[in-house]
Amino acid sequence: MDKSKQPFRKSKRSFRRRLPPIGSGDRIDYRNMSLISRFLSEQGKILSRRTNRLTLKQQRLITIAIKQARILSLLPFRNNEKQLERVESIPRTTGPRTKNK
């Protein structure tokens with residue numbers, strides 16, 4: 001039989017199942033900073049569920065823990081380190097320059 005006349009077949013690829021980022025022994029809590037910090041971006045935003053590869057229940061618990069840690073000042077609400085460095089390096093002028101004689 002010619003290859004062009006064969007019916008369409010799905011390829012038989014084996015998908016390796018990824019391990020969940022939260023183990024069974026890990027406790028999702030606002031005090032567990034090493035766990036919480038894995039789910040934050042560089043800007044301090046909570047990463048999406050698809051990015052984190054979490055279940056819906058785990059994502060809800062992580063979100064609540066992050067918000068509690070922010071309220072208790074364990075985490076900043078946002079990370080402005082890059083913006084502060086840029087602002088400090090720019091010289092500021094108050095108005096048009098005039099020559100004094």
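Modeller: Buried means that a residue has under 20% relative accessible area, exposed means over 50%, and partly exposed is in between (1.4 Å probe, protein chains only). By that rule, 20% of the 101 residues of the protein count as buried. This is a predicted model, in which local features need pLDDT of at least 70, side-chain atom pairs count only at pLDDT 80 or more, and totals for chains, interfaces and linings use all residues. Residues are numbered from 1 along each chain as its sequence is written, and side-chain values use heavy atoms, with hydrogens and water left out.

Colleague: What makes up the secondary structure of the protein?

Modeller: Four helices and zero strands, in the pattern α-α-α-α along the sequence. Helices (H or I, at least four residues) and strands (E, at least two) are DSSP runs, numbered from the N terminus.

Colleague: Which residues of helix 3 are buried?

Modeller: Gln 58, Gln 59, Ile 62, Thr 63, Ala 65, Ile 66, Ala 69 and Arg 70. They span an arc of only 165° around the axis (taken from the directions from the axis to the C-beta atoms), so they sit on the same side of helix 3. Lys 57, Arg 60 and Ile 71, on the other side, are exposed. The cover over the buried residues includes helix 1 and helix 2 (49-52).

Colleague: What makes a set of residues a nonpolar core?

Modeller: The members must be buried Ala, Val, Leu, Ile, Met, Phe, Trp, Tyr or Cys residues, joined through side-chain atoms within 4.5 Å. The largest such core here has 11 residues, among them Ile 22, Leu 35, Phe 39, Leu 54 and Ile 62. Helix 1 (33-36) and helix 3 (56-71) are the elements that give two or more residues to this core, and the largest share, four residues, is from helix 3.

Colleague: Why is the meeting of Asp 26 and Arg 38 called a salt bridge?

Modeller: A salt bridge needs a side-chain nitrogen of Lys or Arg within 4 Å of a carboxyl oxygen of Asp or Glu. The N to O distance here is 3.9 Å, so this pair qualifies under that limit. Asp 26 lies in the segment before helix 1 and Arg 38 in the loop between helix 1 and helix 2, so the pair ties together parts that are 12 residues apart in sequence. Asp 26, at 36%, is partly exposed, and so is Arg 38, at 45%.

Colleague: How many salt bridges does the structure hold?

Modeller: Two. Arg 31 and Asp 29 also pair, at 2.8 Å, N to O, which meets the definition too. Arg 31, at 54%, counts as exposed, whereas Asp 29, at 14%, is buried.

Key. Contact = heavy atoms within 4.5 Å.
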